[in-house]
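Dear colleague,

I am passing on a structure for you to look through, and below it I have written down what was found. Please keep the structure open while you read.

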Amino acid sequence: MYSQDAISGRRRGRPEPTAEMLSGLACLICGTDYRGAPDTEAVVVSHRDDKQQLACHGTCARMASGSVTGLDEAPLPMDERLRRHRTDRA
Ligand SMILES: [Zn+2]
């Protein structure tokens, strides 16, 4: 059976998280890639497989965690997130 729900659900609801989102390199909600948006403040909103999931401070964080400031936790430095991201891919 064809699953129309999978397709329309993807358009309507949250998109599938990308590898970048799962590595904390992009916003879990809007998909902003923090590597290309250094001025965007990212906050930790959840964890997955021991990795921090990040979202933009404000609306995105509230959608992801219920708080505009996310969890009370400092995100890892971008360098460290990038390193882990690359390690995952290797
Ligand atoms: Zn965002």
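**What was found**

Thr18 is partly exposed, because 13 other C-beta atoms lie within 10 Å; the scale behind this word calls a residue buried if 20 or more other C-beta atoms lie within 10 Å of its own, exposed if 12 or fewer, and partly exposed in between, with C-beta atoms placed from the backbone. Thr18 sits in the loop between helix H1 (4–12) and helix H2 (19–22), where helices (H or I, at least four residues) and strands (E, at least two) are DSSP runs, numbered from the N terminus. Along the chain Thr18 and Leu28 are 10 residues apart, and their C-alpha atoms are separated by 8.5 Å.

Before going further, please note that this is a predicted model, in which local features need pLDDT of at least 70 and side-chain atom pairs count only at pLDDT 80 or more, while totals for chains, interfaces and linings use all residues. Residues are numbered from 1 along each chain as its sequence is written. The mean pLDDT of the protein is 87, and 81% of its residues reach 70 or more, pLDDT being the predictor's confidence in each residue, from 0 to 100. Among the elements, H3 has the highest mean pLDDT (97) and H1 the lowest (51).

As for the overall plan, the protein has 4 helices and 2 strands, which follow the pattern α-α-β-β-α-α when read along the sequence. Of its 90 residues, 27% count as buried.

The two strands run antiparallel, and 6 bridges join E1 to E2; strands are said to pair if DSSP finds at least two bridges between them. Asp49 is exposed, because it has 8 other C-beta atoms within 10 Å, and Asp50 counts as exposed because it has 6 C-beta neighbours inside 10 Å.

Which residues have the most contacts inside the largest nonpolar core? They are Cys27, Leu28, Val45, Leu54 and Ala55, in a core of 17 residues. Strand E1 (42–48), strand E2 (51–56) and helix H3 (59–65) each supply at least two residues of this core, and E1 gives the most, with 4 residues. A nonpolar core here is a set of buried Ala, Val, Leu, Ile, Met, Phe, Trp, Tyr and Cys residues joined through C-beta atoms within 7 Å. In soluble globular proteins, nonpolar side chains tend to be buried together.

Leaving aside neighbours within four places in sequence, Val45 is in contact with several residues, including Leu28, Leu54, Ala61 and Leu71; two residues are in contact if their C-beta atoms, placed from the backbone, lie within 7 Å.

Finally, Arg83 lies in helix H4 (residues 78–89), and it counts as partly exposed because it has 13 C-beta neighbours inside 10 Å. The C-alpha atoms of Arg83 and Ser23 are separated by 9.6 Å, although these residues are 60 apart along the chain.

With best wishes
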